[in-house]
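Please read this briefing with the structure open beside it.

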Amino acid sequence: RFGSYLYWIKGSLTKGEYEEWPLLEGIYPNTTWALQAETIKDETLGSSNGEPDQTFEFLKIPLLIGETLRIQEILSEEEKLSLRTASGEDAIHEVKDDKGNVVETWVLWSEVFDFFDSKENDRHYTLDRAIGQIQFGDGIHGMIPPTGENNIKAFSYRWGGGKQGNVRAGDIKTIKSPVSGVDSVSNHAAADGGADTVTLDQMLEIGPARISHRNRAVTAEDFEWLAKEASRKLAKVRCLPNTNNRKEKETGWVTIIIVPDSTEDEPSPSLELKRKVRKYLEEHCANIISFPDHIHVTGPSYMKVGVSVDVFIPSIDVAGEVERDVNRKLRAFFHPLTGGPEANGWDFGRDVSVSDVYALIEKIKGVDHVENLKFSFNGTKDGDTVNVEPEFLAANGTHTVNLQLVKGE
């Protein structure tokens, strides 16, 4: 083929369909998924004193989802059978001595969001993952752990994550613990999806939203909030109701546009981030939408705005510094996430006004005044305003700064 005798590799989709046509960037044998986390096993959290509303703390924070917490209890064979029947064989973990006699019985407890629906015999707990604090019930809403010494134990949990885990491709070069047969490691793809714990100001927005949507996506605003809960990596979300994966109007479809937190000029979500958000939304919306795969998660479209401007300066001595500052300010101003007149990013469909750019440049030290400021976008030039389409975000185009000396100087 193509005049060459080679070995050709063919890949085909065995089931399902592509949401977007994939672009093959490489084939890397001996690969596996990796998560920035550390697993802790057999950590004793404390001893129950039989009082209601007891709290304990994990040593490592923040906690990731998936902990296994057990409490040592004394149970009859009938109680063990009942627990295994209701919750499976994993509900009971028995420690035996050399003769096969059971010396310890550890019962699996489960996390709940709150104790509102918990009964007096429900083995439930609540967990604040940010600070690692666990709380048990009061005997009316949620069972009180039986009294015992060192009888509350995390058999396994993971902690870690955060923005620092979003390492670039090739940054991982060493193995923390030697593995037989593995000589070296490297990450061919950049890590993604990590975000820091929410701040108090952010929680003041998230709290009322949670009361409104109650973990169920019904309205467009619900979908937007729940998409942000799927990953703290998201900086902006836009929901297009009754819009299919071709951006056409179709009842029963939902299209979600997500923008990751990134310093890139045009932030774009990875395939894994889009998959993660879609899966989370499918678990929190009506079956009529999730079952036929009618949730489409995609990245944003950008309207690249370029600026052409004549900047007048009082002296040639400041020309280099002024030119650098003007270009730097323009690039910062048109960044989708940190730009805009208020420096908190551009909203979807927000227009760009020439007056804001005039004010931006004229504040720069060494600038006398500004003239002939024009916008260019989509291959055309406009006068005073860029009309951004509703599903688009403003972004940097090509900026042209013409420096001129003030006459008479």
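The points below are grouped by topic and refer to a predicted model.

**Helix α6**

- Helix α6 runs over residues 319-333, which makes 15 residues.
- From the first C-alpha of α6 to the last is 21 Å, close to the 21 Å expected at 1.5 Å a residue.
- The buried residues in α6 are A319, V322, D325, V326, L330 and F333.
- These residues lie on the same side of α6 because they cover an arc of only 135° around the axis.
- R324 and R328, on the other side of α6, are exposed.
- Two helical and strand partners of the buried residues of α6 are α7 (354-362) and β12 (301-313), and the packing also involves β17 (392-396) and β18 (400-405).

**Helix α2**

- Helix α2 spans residues 200-213 and has 14 residues.
- Its first and last C-alpha atoms are 20 Å apart, close to the 20 Å expected at 1.5 Å a residue.
- Within α2, I206, A209 and H213 are buried.
- The cover over the buried residues of α2 includes α3 (220-230).
- R214 follows α2 and has a positive phi, near 50°.

**Nonpolar cores**

- In soluble globular proteins, nonpolar side chains tend to be buried together.
- In this model, the largest nonpolar core has 28 residues.
- The residues with the most contacts inside this core are L330, F334, V357, I361, L373 and F375.

**Second largest pocket**

- The second largest pocket holds about 280 Å³ of space.
- It is lined by 15 residues, and the closest to its centre are L83, S87, L108, N121 and R123.
- At least two lining residues of this pocket come from α1 (77-87), and at least two from β5 (102-111).
- α1 gives the most to the lining of the second largest pocket, with five residues.

Methods: Residues numbered from 1 in each chain as written. Predicted model: local features only at pLDDT ≥ 70, side-chain atom pairs only at ≥ 80, totals over all residues. Heavy atoms only, no water. Helix = DSSP H or I, 4+ residues; strand = E, 2+ residues; numbered from the N terminus. Expected span 1.5 Å × (residues − 1). Buried < 20%, exposed > 50% of the residue type's maximum accessible area, 1.4 Å probe, protein only. Arc of directions from axis to C-beta. Contact = heavy atoms within 4.5 Å. Core = buried A, V, L, I, M, F, W, Y, C linked by side-chain atoms within 4.5 Å. 1 Å grid on protein atoms, 1.4 Å probe; cavity = no way out; pocket = protein on both sides within 12 Å on 5 of 7 lines; lining within 4 Å. Points joined across faces, edges and corners; volume = space filled by probe spheres on them.
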